[in-house]
Amino acid sequence: MSDLRLDATQLDRYSRHVIMDEIGPEGQQRLLEGSVLIVGAGGLGSPAIQYLAAAGVGRLGIVDDDVVERSNLQRQIVHGDADVGRPKVESAADYVDQLNPDIDVETHEARVTAETVGSLVAEYDVVLDASDNFATRYLLNDHCVLTETPLFHGAIYRFEGQITSFTNDRGGDGRSDTDGDETSPPCYRCVFPEAPEPGTVPDCATTGVLGVLPGTVGCIQATEVVKYLLGKGGLLEGRLLLYDAMDMSFEEVPVRPNPACPVCGDDPEIESVSDVAYEGTCEISAD
Ligand SMILES: [Zn+2]
C-alpha cells in the first residue's frame, strides 16, 4: 500500500473502482490525474460532467457561452430551476464542487473558435464534444486531427443519437494504439466531409428532443473517456453507434479512414483550422 497516493477518503469514495482488478488504485490514480475538456454544458454535457466528476477524473474544463433557460431543464440535468438566467458554466461548476471536492473545475464562458481552440484544447488530455452545432463539431474534429488529440463525439436528433470515438492516434506523439492496429484511424470528416447545408437539419429548439435521450448518449461518451484514461477496453473507434430510443435499438456502422478525407486523408487540403470558415458547410475557404 506504500506506493498509493490515494488518501483514506479517496479510497472510500472510489472503493467500488479500487476493488476491481481492471481499475484498482493505479487506475483510480490515472483518472485523478486525467483531464477532459467538455465542450457544451447542455444535454450531452450534463451527464458527461456528472459521471466524469463522480468517477474522479481530476480536472474538468467546461466550455459554454449560454445561460440556463427554463426550457433546458427538461434534459440538461446539471442545472436546476434556481439556475435559470445563470451562465451554464457556473451552474455546472457548482454541481461538480458539491458532488466531488477532488475535482478541479475550470470554466470557460466562451464559444470555441478557430482562434481559441488551440489554447483551450492544449490544456487537456482529451476532448468530449457535447456541442449542438456543426461549426463547433467540425472545428473540434479538424483541430483534434491536426494535434492528434483524442475526441469523443456524440450527437442527438429528436429520438435518435449517435456516438463514436476518435483517438486521432497517428503515431505522432508516441502514444501507442489501444488495439495495436497499424492502420490510421478515421475522423469525423472521413464520414461526413462537409456539414449539411444550413437549415436542412433543424435544431432541438425547432424540432424538439426526447429529454432522456442525451442522458444515454452523454453517458456513453463519458464511458468511452473513462476507458480511454484507464487504457482499458475497446473503444468505439472505427464504429459509429446509432441509438434509436423509440425502437430501443442500437446499431453499429463501420467507420473507415477515407484516403480522400480533406483533413486526415493522403493529400489533405486542411493543414490548419485557419483554412476553414467554420460556418455553413464548414468547407475549405476560397482563399
Ligand atoms: Zn478524416
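Which residues have the most contacts inside the largest nonpolar core, and how many residues does that core have?

Mentor: Happy to! Keep in mind that this is a predicted model. The largest nonpolar core has 39 residues. Inside that core, the residues with the most contacts are Val-36, Ile-38, Ile-49, Leu-52, Leu-60, Leu-128 and Val-225.

Now for the elements behind it. Two or more residues each come from the strands β1 (35-39), β2 (59-63), β4 (126-129) and β7, and from the helices α4 (45-55), α5 (88-99) and α10 (213-230). Of these, α10 gives the largest share of the core, with nine residues. As a general background, nonpolar side chains in soluble globular proteins tend to be buried together.

Leaving aside residues up to four places away in sequence, Leu-60 touches Val-36, Ile-38, Ile-49, Leu-52, Ala-53, Ile-103, Asp-104, Val-105, Glu-106 and Tyr-124.

Let's take β7 to begin with. The side chains of Glu-252 and Arg-239 meet in a salt bridge, with N to O at 3.0 Å. This pair links distant parts of the chain, since Arg-239 sits in strand β7 (residues 239-244) and Glu-252 in strand β8 (residues 249-254), 13 residues apart. Glu-252 has a relative accessible area of 43%, so it counts as partly exposed; Arg-239, at 26%, is partly exposed too.

Then there is a network: salt bridges that share partners join Asp-83, Arg-86, Glu-90 and Asp-94. Arg-86 meets Asp-83 at 2.8 Å, N to O, and Glu-90 at 3.8 Å, N to O. Arg-86 is partly exposed at 24%, and Glu-90 is partly exposed at 37%. Across the whole structure, a search finds ten salt bridges, and those described here are among them.

Key. Residues numbered from 1 in each chain as written. Predicted model: local features only at pLDDT ≥ 70, side-chain atom pairs only at ≥ 80, totals over all residues. Heavy atoms only, no water. Salt bridge = Lys/Arg side-chain N within 4 Å of Asp/Glu carboxyl O. Buried < 20%, exposed > 50% of the residue type's maximum accessible area, 1.4 Å probe, protein only. Helix = DSSP H or I, 4+ residues; strand = E, 2+ residues; numbered from the N terminus. Core = buried A, V, L, I, M, F, W, Y, C linked by side-chain atoms within 4.5 Å. Contact = heavy atoms within 4.5 Å.
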